[in-house]
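Try each task before reading its solution.

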Amino acid sequence: MNEAGVSETTVLQQEIALEQEHVDRVYTRLAELRRDASRAEREGYRMSGVGTFGSLVERDAMVFHAARRRHALDAEHEGLVFGRLDRDTGATHYVGRMGIRDESAQPLVVDWRAPAAAAFYRATPAEPLGVVRRRMIQSRRERVTGISDDLLDPEAAPPGMRVVGDGALLAGLSRATGPGMRDIVATIQREQDEAIRSPAAGVTIVTGGPGTGKTAVALHRAAYLLYSDRNRFAGGGVLVVGPSGVFVDYISTVLPSLGEDTATLRSLGTLVAGYRAERVDSGPVAAVKGSLRMRRVLERASHDAPPDGPTELRLLYQGSLLRLEAAELDRIRHRALPRGARRNEVRGNGFDAVFDALWAQAQRLKVRNLPEKPEFESELADRGDFRAFLKAWWPRLTPMRVLRWLATPERLRAYANGILSRDEIATLQGSFDALADSGPTIADVALLDELDELMGRPRQPAKRNRSPFHVRDGVHEVSTYADRQAAARAQQVQRDDDYREYAHVVVDEAQDVSPLQWRMIGRRGQYASWTIVGDPAQTAWPGDQAELDRARDRALGSRRRHTFALTTNYRNSAEIFAVAASVIRSVMPDLPLPAAVRSTGVDPLDVVTDAASLPDAIREAAQKQLAEVAGTVGVITPAERRAEVAGWLAELPGRLQVVSALQAKGMEYDAVVLVEPAEIAVDRAGVRTLYVALSRATQRLTCVGTHDWRPGGASAG
Ligand SMILES: Nc1ncnc2c1ncn2[C@@H]1O[C@H](COP(=O)(O)OP(=O)(O)OP(=O)(O)O)[C@@H](O)[C@H]1O
């Protein structure tokens, strides 16, 4: 009871009822707006009957705006209002997933990304920013279910101001994890907000240990940029790159729930048009494939003769035999394809040189009735056998075809000689064998992109202009600025797969991007500003760190950099993070680590068993965890054991996922069963990968293996 004799529960109920009134008004208004948007969309379609060209443009713009608005109104339904600010001026603002105004244009809810909402995330008792009370409003569907207040400036509080509830952040963190990442829009912390709202230009670099919200920050930043400068970022596009398909699926639900479905999400294996790679190479192979030196190896391959091409040309012309030997053909190819030239683009030069050589020969041989050179050339060009020779001798090559040449040991050796060491060549040996049947690995995709650049593309017929402002009788239709903006946005939805002019590029788990992958991403962000998110301590990159830094710096160019460090681990229980911390400290004793804010009182378990009992022990641990947590369970294995372990657990429900330690990057599960930790921590890079695997669980962690694995060998059973 408080002084007025009202119980705290009653106060809470009264405050909830009060907020419910406002939330009801918001949903009523939302329904009206949705009706308006649908009507505008229908009217827009009706205008198509009117017929003038100007009206068609207007129709496009109208339908586009109305449909987007309707879509946004539909997407933002759940938990639309999540905050309230009572300011020292007496004004009150509600903060939510989108901005909504009443009939007289007064704001009912302020969009979380608007400047007026920044104080919701940034105000602290030490620096209240004019906020007296910050209130978090929790709801399910349209019902307010809880309230939690922070009184930030008690001296400015009006008499009778009530302060209720506590711990909205911690309550949120303990909730079960679903298959997709949750958005944290209601509980973004100050240090995170600073990174989210950092200036759009240049490069924003966000670092921090496991679970500090780097991914969450990156996605909220994408949503923030799309809101703050829609023309620029929705028009040019925002590209979000993550390490794996599993990870991209995991984060893909977040952006629409933040009000943005205009960002393009890609994994490193799907960034290049035409490939959907999920296969991974072993660490040492990936390190060689990712090295910048591979570019020179590929350059040699891209200038080589195709393995199945003709070695000489014989042509009977007017009774004389014209002949180009292998050495002559090689000489012609080398001359037509000097260093730096792109093979698919200079094909015509090679053909011209063959004509020249044949012409010179025909003159030398004093061929009977030799016509003028142009006629000689067109006679040859009409001959099927000659055309077939040219096509086979200098074919249009795809990157995939050339990469496959590296599966031949002699070719690999010849291309890599003097560039890679003998050991590195041996490491690569065999790693291209499965290309033909199974497609590329994730590391191969960067090699294919490099080859694409080295070889150039055959000239394509010009694409049809898809601009909605068609040229009629050679004249561009006059349109308003707003029309053009709307149409530009409508067009970006149809951006082609090989689009390269993104306005902003977000790279998540950046510590694992190889030098060649930086080049691959860089090609798509030449005009972009960037957000780079990562944790160097979590890298599995076994290659040369200096080379990695150089490649990254080159991709980012001289753009201005802003750096932010996040310091609180919101994911792991303190008990789980303590184990992960001890592992990384064994190789990086001075590494600053984040503080884990939540304790469950449950220590991680270690199960050591013999090889024969391993399947049962893993199954038992997984079943126990499924019983103990309501959300997801991740079984994390060394890469080469994933398929086998998945087979042992095939019967278990869908909220259990079996992933390799590399696939576990960036992921989060309520409970984790970690299989054979000792096999992951085989070297320094392996210890860092183990650190990643150990820091995936929010509630429970069990390690199961046939060896003692803890640094110092002190496993507790
Ligand atoms: N301010 C916050 N409020 C509530 N939850 C948060 C907050 N910040 C982060 N989280 C939660 O913490 C977890 C970890 O966040 P996230 O995956 O973004 O971390 P990360 O730094 O990318 O981790 P890692 O480097 O280990 O992959 C997620 O469940 C996220 O929703």
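**Exercise 1.** Find which residues come nearest to the ligand, and sort the shell around the ligand by class.

Step 1: of the 24 residues around the ligand, the nearest are Pro210, Gly213, Lys214, Thr215 and Tyr570; a residue is near if its C-beta atom, placed from the backbone, lies within 6 Å of the molecule. This is a predicted model, in which local features need pLDDT of at least 70 and side-chain atom pairs count only at pLDDT 80 or more, while totals for chains, interfaces and linings use all residues. Numbering starts from 1 along each chain as its sequence is written.

Step 2: two or more residues each come from α4 (168–174), α6 (214–228) and β17 (568–573). Helices (H or I, at least four residues) and strands (E, at least two) are DSSP runs, numbered from the N terminus.

Step 3: the shell holds 7 nonpolar, 12 polar and 5 charged residues. Ala, Val, Leu, Ile, Met, Phe, Trp, Tyr, Cys and Pro count as nonpolar, Asp, Glu, Lys and Arg as charged, and the others, Gly among them, as polar.

**Exercise 2.** Is Leu30 buried or exposed?

Step 1: locate Leu30 in helix α1 (residues 8–46).

Step 2: Leu30 has 20 other C-beta atoms within 10 Å, so Leu30 is buried (buried means 20 or more such atoms, exposed 12 or fewer, partly exposed in between, with C-beta atoms placed from the backbone).

Step 3: look along the chain too: Ile100 is 70 residues away from Leu30, yet their C-alpha atoms are separated by 7.6 Å.
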